[in-house]
Amino acid sequence: MTRTVTSVERLMDGYAAYLQLERGMAENTRVSYLFDVRKFLTYIEGSGITVTGVTIDDLREFMGELHDVGIAPRSQARIVSGLKSFYSFLKLENYVDESPATLLESPRTGKHLPDVLSVEEIDALTEAIDEGSEEGLRNQAIIEVLYGCGLRVSELVNLEISKLYLNDGYLVVTGKGNKQRMVPMSEISIELIRDYIPIRGEHGIKPGEENILFLNRRGGRLTRQMIFIIIRRLAEAAGIKKEISPHTLRHSFATHLLEGGANLRAIQQMLGHESIATTEIYLHLDTTQLRNEILQFHPRNKTD
């Protein structure tokens with residue numbers, strides 16, 4: 001029989017003791033693990049998830065968010081180790097029956113910034129979709145909404161038809177902490193959604209899912225993992241060798257906006273970042289271009 005968490009602080013005290021007494025960890029590692037786990041607990045609290053109700057999808061989305069803001073792979077790997085250790089502790093203390101972190105993978109080290117797709121690669125993704133397939137139109141709309149609106153994958157799978165204002169050219173999503181924001185839509189995403197809506201329920205819609213935009217063949221909402229699989233398969237079909245995920249389209253959205261001259265505050269609002277510091281990672285995605293412009297236009301570098 002599992003125990004009930006009565007106090008998160010008491011839980012963290014127990015975890016700290018576990019790291020020190022049972023794992024014999026060095027002070028620096030122990031402090032890092034505790035810091036990382038507290039960050040994760042703050043994240044799930046904002047999403048309305050309990051510490052014992054966490055799933056592997058929740059953990060993967062959290063790691064995806066870290067990847068999204070440019071956290072170095074080495075730091076991501078440490079965080080994965082901390083989360084695995086934390087849930088091993090919870091299992092040992094009978095707070096959970098099984099650890100949801102068992103299948104959580106560490107990122108490859110060596111890269112410090114997320115991959116970004118070019119506009120041509122985005123086009124190649126959509127061109128790889130079999131338009132004659134049953135899911136072709138849906139998948140086209142998914143790519144265009146992820147890339148054209150910069151949505152998180154969790155926001156995409158929960159996107160509601162009642163929050164689409166197609167005539168006005170924007171949609172409303174519910175992000176972290178149940179905060180809503182308005183996001184402008186591209187003309188192509190509007191057109192694709194208009195074409196998709198009439199056919200989305202051809203095989204029936206599960207009760208309670210009537211308002212969900214993107215559905216699977218059984219009439220239920222798509223999972224985050226299914227979106228990941230769709231994009232990976234399209235990338236493979238398009239011959240794209242980069243390691244991509246739904247978050248890659250969000251990176252690309254922000255980077256292309258910045259390169260096009262969009263204001264950083266506007267990008268922050270579109271992405272739903274609470275802090276401008278989170279958005280500023282995109283300032284570092286094209287340092288070569290920035291350096292060339294400085295060398296070209298800065299008065300100290302001009303010659304007569």
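1. Start with the aromatic rings. This is a predicted model, and the count of aromatic pairs in it comes to 10.

2. Take F40 and Y43. The ring centres of F40 and Y43 lie 6.5 Å apart, and the planes meet at 25°. Planes under 30 degrees apart count as stacked, so this pair is stacked. Both residues sit in helix α2, which covers residues 27-46. F40 and Y43 are 3 residues apart there, so about one helical turn separates them. Are they buried or exposed? F40 is buried, and Y43 is buried too.

3. Next, Y165 and Y170. This aromatic pair is also stacked, with 4.9 Å from centre to centre and 15° between the planes. Y165 has a relative accessibility of 31%.

4. Y18 belongs to helix α1, residues 8-22. The relative accessible area of Y18 is 11%. Buried means under 20%, so Y18 is buried.

5. Look at what surrounds Y18. Setting aside neighbours within four places in sequence, Y18 is in contact with R23, S85, S88, F89 and L92.

6. Now the nonpolar cores. In soluble globular proteins, nonpolar side chains tend to be buried together. Here the largest nonpolar core holds 44 residues. Which of them touch the most other members? They are L159, L171, F214, I227 and L249. Elements giving two or more residues to this core include helices α5 (119-127), α9 (224-238) and α10 (246-259), along with strand β2 (170-174). The largest share comes from α6, with 7 residues.

7. Leaving out neighbours within four places in sequence, I227 is in contact with I142, L146, V153, L156, V157, L222 and P246.

8. Another core lies apart from the largest one. How many residues does this other core have? It has 31, among them Y43, V54, L90 and V96. Y43 thus links back to point 2: the residue stacked with F40 is a member of this other core.

Note on methods. Residues are numbered from 1 along each chain as its sequence is written. This is a predicted model: local features need pLDDT of at least 70, side-chain atom pairs count only at pLDDT 80 or more; totals for chains, interfaces and linings use all residues. Side-chain values use heavy atoms; hydrogens and water are left out. A nonpolar core is a set of buried Ala, Val, Leu, Ile, Met, Phe, Trp, Tyr and Cys residues joined through side-chain atoms within 4.5 Å. Buried means under 20% relative accessible area, exposed over 50%, partly exposed in between (1.4 Å probe, protein chains only). Helices (H or I, at least four residues) and strands (E, at least two) are DSSP runs, numbered from the N terminus. Contact means heavy atoms within 4.5 Å. Rings of Phe, Tyr and Trp (its six-membered ring) pair if their centres lie within 6.5 Å; planes under 30 degrees apart count as stacked, over 60 as edge-to-face and the rest as tilted.
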